[in-house]
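Welcome! Here is a short tour of one structure, written for someone meeting it for the first time. Please take a look at the sequence and the model before reading on.

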Amino acid sequence: MSEGPARPQIAEGIPNRLYGRRRSHPLRVRQAKLLDETLPRLDLGAGAANPAAAFDAPVDEVWLEVGFGGGEHSEGLLERNPGIGLIASEVFENGLCSLLSRLVPEGQEATAPLPGRLRLWPRDARHLLDQLPEGSLARLYLMFPDPWPKARHEKRRFVNPAIMPLVARVLRPGGEWRVATDDPTYQEWVRQCFGESPLFEQAAFDDTRPADWPATRYEAKAYREGRQPMWWVFRKR
Ligand SMILES: C[S@@+](CC[C@H](N)C(=O)[O-])C[C@H]1O[C@@H](n2cnc3c(N)ncnc32)[C@H](O)[C@@H]1O
């Protein structure tokens with residue numbers, strides 16, 4: 001795993017290392033074109049300072065998905081919610097390429113029209129939290145985050161007492177933080193962190209996926225491997 005350049009600490013108790021883009025094997029030609037030619041056309045970049053204005057047309061609400069993996073959930077959110085603008089964040093290049101390859105036909109990486117209500121943040125989403133204005137998001141989705149199951153790696157978990165104030169700041173009052181995980185350690189961690197937080201209240205909990213949540217690859221993997229996912233909605237107080 002490569003890590004990006006050192007940046008100022010993002011929160012008390014969180015290591016000041018942020019993940020840069022990650023690659024598991026050399027890129028194929030098509031993948032390189034997607035990253036070089038298509039990704040910059042969707043990159044939120046400095047638009048983080050005013051996300052509502054970063055889309056092709058006005059949107060009713062801005063939502064953020066952290067760690068979108070293959071991007072199916074992000075596409076599902078856009079299809080089902082025609083009034084939203086979505087910022088989708090992922091650091092793993094295979095995930096970025098997977099989503100981008102469904103958006104543009106081969107050979108048209110630099111020219112094909114792109115979804116006007118989607119912007120990408122191809123970097124550590126924790127850094128985006130610093131850059132978004134207060135109250136600028138209506139929802140944040142964290143679907144099947146990396147579990148970091150060892151206690152000594154707790155600080156790397158995205159759900160984290162040090163990160164919660166940063167998420168609360170960027171959510172509007174009543175805004176939702178939606179979390180799903182199949183990892184028993186993380187499930188207990190979610191209960192503990194949100195149970196102790198004065199910033200959020202639990203609005204819903206399910207052990208079957210609610211109908212308005214698109215499925216994800218990791219959900220399918222969890223069921224295949226015999227793990228029970230859980231879904232929560234937490235509301236900013
Ligand atoms: C276990 S996978 C789940 C992917 C997808 N959400 C799903 O349910 O199929 C977690 C993903 O989060 C990404 N990720 C982890 N930390 C991140 C961060 N701080 N910012 C953006 N993406 C992150 C990883 O690269 C990985 O693709």
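## A buried arginine

R119 counts as buried because its relative accessibility is 11%, and the cut-off for buried is under 20%. Keep in mind as you explore that this is a predicted model. To find R119, look for strand β3, which covers residues 118-121.

## Around the ligand

Now let us turn to the ligand. Which pocket does the ligand take up? The space taken by the ligand is the largest pocket. There, 17 residues surround the ligand, and the closest are R22, G67, E90, M143 and T216. What kinds of residues make up the shell around the ligand? The shell divides into 7 nonpolar, 4 polar and 6 charged residues.

| Residue | Part of the residue with the N or O atom | Distance to a ligand oxygen atom |
|---|---|---|
| E90 | side chain | 2.5 Å |
| T216 | side chain | 2.7 Å |
| Y218 | backbone | 3.1 Å |

How much of the ligand does the protein bury? Taken alone, the ligand exposes 590 Å², and 91% of that is buried by the protein.

Technical notes. Residues numbered from 1 in each chain as written. Predicted model: local features only at pLDDT ≥ 70, side-chain atom pairs only at ≥ 80, totals over all residues. Heavy atoms only, no water. Near = heavy atom within 4 Å. Polar contact = N/O pair within 3.5 Å; in protein donor to acceptor, adjacent residues only side chain to side chain. Areas by Shrake-Rupley, 256 points an atom, 1.4 Å probe, with all protein chains shown as cover. 1 Å grid on protein atoms, 1.4 Å probe; cavity = no way out; pocket = protein on both sides within 12 Å on 5 of 7 lines; lining within 4 Å. Sits in = over half its atoms within 2 Å of the grid points. Nonpolar A, V, L, I, M, F, W, Y, C, P; charged D, E, K, R; others polar. Helix = DSSP H or I, 4+ residues; strand = E, 2+ residues; numbered from the N terminus. Buried < 20%, exposed > 50% of the residue type's maximum accessible area, 1.4 Å probe, protein only.
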